[in-house]
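Hi everyone, thanks for coming.

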Amino acid sequence: MYIKPAFKPEGILRKSAAKCPIGYLSAKHTKNNPLRPFAIEHSPAFTLAEVLITLAIIGVVAAMTIPSVLNHYQKVQTVNGLKKVYSEFSQAVSLSQLDNEGYEFWDYSLSPYDFFNTYLSGYIQLAETTVEEAKKDYTWLQSSGSEETGLWNIRVNSKIIVLPSGTQIFANNQSISSTDSTTKGFIVDLNGFNKPNQFGKDLFNININKYIGVNMHYKDDNESYEEIPLRTRDELINGPSSQNYQCNKKGRGMWCGALIMTDNWEIKSDYPW
C-alpha cells in the first residue's frame, strides 16, 4: 500500500528559493536535486584601485566646492549681521525721538560716545560685558588688505559698546572731525576682535546725521550730507574719494557698507571680498 509523504522537501526548498534575491541561488540547485545545500554566489565587489579612484574624485570635488560654499556662507553672515545692526540703530533713533525730539535737534557737538549714551543707549539692547582692555594689540585692515593707520585715533580713543550678538561698536570719546557739528560716526565690528578685522568684511561705518538720520557712510570727510544726498553704485566702488574711502581692492573700504545697502543688502560678484 502506498503511503503519501507527510511533506515534500522539494516544495519547501522551492518556496525558500523563491524568497531569496534573484541571482543568489546557484544553478546547481534544481528540482532534480532538491536537498543539495544552497550555493550562494558572491556579489561583485570593488577592487582597491576602484575605491582609491573614487575617493580621489570625491576629494577633488570637495576641494573645489567646499571653499565656495564657505565663502557664500561668510558673505550671508556678514550681510545679515550688518543689516541687523543697521536695523537696531534705526529703531533706537526712532524710539529716542519720542523722548528727545527729532534727531535734527540733537546735540552733535558731543563726542560719539557721549552722543550714544545720551540718545541711543536707552533704546538699544546692550550686553553686560566690557572689552576695553582687549584692544591693545588690535589692528584694522583696509579692503585692500593693507593696515588701516588713518583711523588709529578712533581705535585708540574709542569706548567699545558691546551688543548681545557680540558685535562691537567703537564710539570715539573725543570730537575730532570737522563734520562733528552735523554727524556722529561709529565703527562696527560684527564679530568683535576675531579676524579678519577688515573694512568691508567685518568692519563697517555707520553714521547718524542731523539731516538724513541713520546711514551707511558714503562721503568724504570734507563733504556734508546736504551737498551729497547719495552716491551712485559706481562711485561707491570706484570713487573718486579724496580719502580713498571707495569699496574696492585698492581702497580703504569705508564705503563698503553703503555699497551693500545700495545692492539691496547683498554682496555682488564685483564686491571686494
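Some housekeeping. This is a predicted model, where local features need pLDDT of at least 70 and side-chain atom pairs count only at pLDDT 80 or more, while totals for chains, interfaces and linings use all residues. Residues are numbered from 1 along each chain as its sequence is written, and side-chain values use heavy atoms, with hydrogens and water left out.

How far do we trust it? pLDDT is the predictor's confidence in each residue, from 0 to 100. The protein has a mean pLDDT of 84, with 79% of its residues at 70 or more. Among its elements, the lowest mean, 51, belongs to helix α1 (residues 9-19), and the highest, 98, to helix α6 (residues 256-262). By contact I mean heavy atoms within 4.5 Å.

Now the overall layout. There are six helices and five strands, and reading along the sequence you get α-α-α-α-β-β-β-β-β-α-α. The protein has 273 residues, and 39% of them are buried. Of the contacts with a separation of 6 or more, 52% are between residues 24 or more positions apart.

On to the sheet. Two strands count as paired if DSSP finds at least two bridges between them. The five strands make an open sheet, in the order β1-β2-β3-β4-β5, with antiparallel pairing. β1 (158-162) and β5 (213-216) are at the edges with a single partner strand each, so one side of each has no neighbour in the sheet. From one strand to the next, the twist averages 30 degrees. For angles like that, axes are lines fitted to C-alpha atoms, for helices over the stretch in contact, and the angles run from 0 to 180 degrees between N-to-C directions. Helix α3 (residues 112-119) packs on the sheet, where it touches β1, β2 (168-172), β3 and β4, and its direction is at about 90 degrees to that of β3.

Back to β4, with its neighbours this time. β3 (residues 183-189) and β4 (residues 203-209) run antiparallel and are joined by seven bridges. Lysine 184 sits opposite isoleucine 208, and phenylalanine 186 has isoleucine 206 as its bridge partner. Which way do the β4 residues point? Leu203, Asn205, Asn207 and Asn209 go one way and Phe204, Ile206 and Ile208 the other, and all are buried.

Next, the core. A nonpolar core is a set of buried Ala, Val, Leu, Ile, Met, Phe, Trp, Tyr and Cys residues joined through side-chain atoms within 4.5 Å. The largest one has 54 residues, and Phe89, Leu120, Trp140, Ile208 and Tyr271 touch the most other members. Helix α2 (residues 48-100) contributes the most, with seven residues.

Last, the aromatics. Rings of Phe, Tyr and Trp (its six-membered ring) pair if their centres lie within 6.5 Å; planes under 30 degrees apart are stacked, over 60 edge-to-face, and the rest tilted. The whole structure has 13 aromatic pairs. For phenylalanine 89 and phenylalanine 116, the ring centres are 6.3 Å apart and the planes are at 65 degrees, so that pair is edge-to-face. Phenylalanine 89 is in helix α2 and phenylalanine 116 in helix α3, so the pair ties together parts 27 residues apart in sequence. Ring pairs also link Trp106, Tyr108, Phe115 and Tyr119 into a cluster.

Technical notes:
Helices (H or I, at least four residues) and strands (E, at least two) are DSSP runs, numbered from the N terminus. Buried means under 20% relative accessible area, exposed over 50%, partly exposed in between (1.4 Å probe, protein chains only).
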